[in-house]
Amino acid sequence: MGRKTILLGFALFGYVLGFLAWLLGGSFADLAAAFGANQDIADAVLAGIAGGFLMVIAVLVWAAVD
């Protein structure tokens with residue numbers, strides 16, 4: 001796999017992950033509000049989960065290529 005293909009794959013995966021996080025944001029905010037968190041906290045948690053998931057995938061691909 002070439003470098004451009006991998007970068008394009010990461011960009012596409014990040015786009016899809018961000019799009020799904022945006023779609024699920026309202027439901028997640030309602031769930032977080034049930035536990036006493038406000039919208040900002042819910043958004044931060046969702047962004048953290050998405051970023052962590054993306055980094056795990058990046059490390060797994062990096063380890064497989066190396």
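This is a predicted model: local features need pLDDT of at least 70, side-chain atom pairs count only at pLDDT 80 or more; totals for chains, interfaces and linings use all residues.

Helix H1 (residues 3-34) and helix H2 (residues 39-65) have axes that come within 9 Å and cross at roughly 155°. Axes here are lines fitted to C-alpha atoms, for helices over the stretch in contact, with angles from 0 to 180 degrees between N-to-C directions. H1 and H2 are therefore roughly antiparallel to each other, a term for angles over 145 degrees. Helices are DSSP runs (H or I, at least four residues), numbered from the N terminus.

| Helix | Residues in the contact |
|---|---|
| H1 | Ile-6, Phe-10, Phe-13, Leu-17, Ala-21, Gly-25, Phe-28, Ala-29, Ala-32 |
| H2 | Gln-39, Ala-42, Val-45, Leu-46, Ala-50, Phe-53, Leu-54, Ile-57, Ala-58, Val-61, Val-65 |

The residues of this contact of H1 with H2 comprise 18 nonpolar, two polar and no charged; Gly counts as polar, and Ala, Val, Leu, Ile and Phe are among those counted as nonpolar.

Gly-14 also lies in helix H1. Gly-14 is partly exposed, at a relative accessible area of 27% (partly exposed lies between buried, under 20%, and exposed, over 50%, with a 1.4 Å probe and protein chains only). From Gly-14 to Asp-43 the C-alpha to C-alpha separation is 16 Å, across 29 residues in sequence.

The C-alpha trace of the protein chain spans about 45 × 20 × 15 Å along its principal axes. Of its 66 residues, 14% count as buried.

Residues are numbered from 1 along each chain as its sequence is written.

Terms used
Side-chain values use heavy atoms; hydrogens and water are left out. Helices (H or I, at least four residues) and strands (E, at least two) are DSSP runs, numbered from the N terminus. Angles under 35 degrees count as roughly parallel, over 145 as roughly antiparallel, 65 to 115 as roughly perpendicular and the rest as oblique. Contact means heavy atoms within 4.5 Å.
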